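Hi everyone, thanks for making time this morning. I'd like to walk you through one chain, so please have a look at the screen.

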Amino acid sequence: MDGVIGQILEKQVLSAAKAVEDKLDEQIAALERLDPDDIEALRERRILQMRRAAERRAKWRALGHGEYTEVPEKEFFSAAKASERMVCHFYRDNWPCKVMDKHMSILAKQHVETRFIKVHAEKAPFLTEKLRVVVLPTLALVKNAKVGFDELGGKDDFSTEDLEERIAKAQVIFLDGEGPANPSKQAAASKRSVRQSDTGNSDSD
């Protein structure tokens with residue numbers, strides 16, 4: 001039985017390898033068929049894409065993207081209107097919110113396509129009542145000026161990568177990122193929870 005299973009697996013691996021090889025051959029053949037004008041057109045299109053991406057990142061950074069900053073209550077809605085995607089951490093001075101701050105600081109640098117801010121809940125009574133913020137920390141996930149919530153009250157043993165995936169499901173960040181860093185590499189480095197990495201430094205209220 002083991003021998004039969006081994007043969008089947010071997011055939012599957014060889015078939016997959018052959019498919020990959022055929023695909024590469026097709027791509028190489030397509031490149032070989034290109035004339036100088038085609039190559040120049042591809043080059044110009046790539047340069048245009050890179051220029052537009054750079055302009056987009058510059059616009060985001062001018063709006064405060066790439067950093068994790070605190071804003072007063074009165075600036076929340078203007079910030080939400082200015083940025084297509086925004087994550088807002090409603091916090092107070094306790095340990096779970098400090099853990100969330102560390103995660104948010106990491107993600108803000110990795111995902112320049114999204115603005116990351118925080119609002120002190122106790123200093124924003126109108127906003128917390130209007131948006132029904134009850135449990136802290138609470139994240140407001142804003143896309144095209146629409147607000148959704150991801151309540152994480154009382155839990156601080158999650159990794160930055162876990163939080164990243166939850167926010168990505170709401171389509172407020174892109175998992176492949178738009179920042180200068182390589183999120184796929186940094187996500188692996190941040191897989192261990194921030195709380196675990198700071199054990200012994202807790203000053204919970």
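I'll start with the overall fold, then go to one strand and one histidine.

Please keep in mind that this is a predicted model. The chain contains eight helices and five strands, and if you follow the sequence, their order is α-α-β-α-β-α-β-α-β-β-α-α-α. There are 205 residues, 36% of which count as buried. Taking contacts with a separation of 6 or more, 76% are between residues 24 or more positions apart.

Now, let's turn to strand S3, residues 115-120. Six of its six residues are buried, and that holds for both faces: Arg115, Ile117 and Val119 lie on one side, with Phe116, Lys118 and His120 on the other.

What does S3 pair with? Strand S1, residues 68-70, runs parallel to S3 with three bridges, and there Tyr68 has Phe116 as its bridge partner. Strand S2, residues 85-91, is also parallel to S3, joined by six bridges; here His89 sits opposite Lys118. To get from S2 to S3 the chain passes through H4, making a right-handed β-α-β crossover.

That brings us to my histidine, His103, which belongs to helix H4, residues 95-110. Is His103 buried or exposed? Its relative accessible area is 0%, so His103 counts as buried.

Methods
Residues are numbered from 1 along each chain as its sequence is written. This is a predicted model: local features need pLDDT of at least 70, side-chain atom pairs count only at pLDDT 80 or more; totals for chains, interfaces and linings use all residues. Side-chain values use heavy atoms; hydrogens and water are left out. Helices (H or I, at least four residues) and strands (E, at least two) are DSSP runs, numbered from the N terminus. Buried means under 20% relative accessible area, exposed over 50%, partly exposed in between (1.4 Å probe, protein chains only). Contact means heavy atoms within 4.5 Å. Two strands pair if DSSP finds at least two bridges between them. A crossover is right-handed if, with the strands pointing away from the viewer, the path from the first strand over the helix to the second runs clockwise.
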